[in-house]
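Open the structure in your viewer and keep the selection tool ready. The tour goes one stop at a time.

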Amino acid sequence: MTYLDAILLIKIAGTGLFVGLPMLLLPAPLLIRLLRIEGAEAAMPLIRLYGWAVIALLVGYCFGLSWISRDVFPTGVVTMGLVSNAGATAILLVTGAWRKSVALTLFLGGIAAALAFAMMSRPMAMQVL
């Protein structure tokens, strides 16, 4: 397993279990209570669509794992992850939503930082741990 494998596996597992699948599978009343978003009932189709979009991103990360197994640095996948995670972190910070989602902000920011490091240190990111 490489450094980059570990980053992608943590991202896939954490995001799938705590964001994507809950947004798709939890009953609406429970999801609304967990999200603590006013007017979430009306937004349920958008919330479900967001869950599906998250799962689609995770499919992209899985392709990255297959490229790493062939000893090819997945530039597109790492770039996608960097844009996604850094952008989400920036939105949480700028809007002040990080106060309600500190763990999520740290997770997304940590993934963004790890992917940025991988992009700058490609040979190290591809070394077996």
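Start with L17, which sits in helix α1. Helices are DSSP runs of H or I with at least four residues, numbered from the N terminus. L17 counts as exposed because its relative accessibility is 54%; exposed means over 50% (1.4 Å probe, protein chains only).

This is a predicted model, where local features need pLDDT of at least 70 and side-chain atom pairs pLDDT 80 or more, while totals for chains, interfaces and linings use all residues. Residues are numbered from 1 along each chain as its sequence is written, and side-chain values use heavy atoms, without hydrogens and water.

Next, select F18. It lies in helix α1, residues 3-25. With 68% relative accessibility, F18 counts as exposed.

Select L17, F18, L21 and L25 together. They make a nonpolar surface patch of about 480 Å². Such a patch joins nonpolar side chains (Val, Leu, Ile, Met, Phe, Trp, Tyr) within 5 Å, from residues with over 30% relative accessible area and no salt bridge (a Lys or Arg side-chain nitrogen within 4 Å of an Asp or Glu carboxyl oxygen). Areas come from the Shrake-Rupley method with a 1.4 Å probe.

Last stop: the largest pocket. Which residues lie nearest its centre? Select V19, M23, L35, Y50 and L104, from a lining of 33 residues. A pocket is an open set of points on a 1 Å grid where a 1.4 Å probe fits, with protein on both sides within 12 Å along at least five of seven lines; lining residues have an atom within 4 Å of a point. Helix α1 gives the most to this lining, with seven residues.

Notes:
Helix = DSSP H or I, 4+ residues; strand = E, 2+ residues; numbered from the N terminus. Buried < 20%, exposed > 50% of the residue type's maximum accessible area, 1.4 Å probe, protein only. Patch = residues over 30% accessible without salt bridge, like charges linked within 9 Å, V, L, I, M, F, W, Y side chains within 5 Å.
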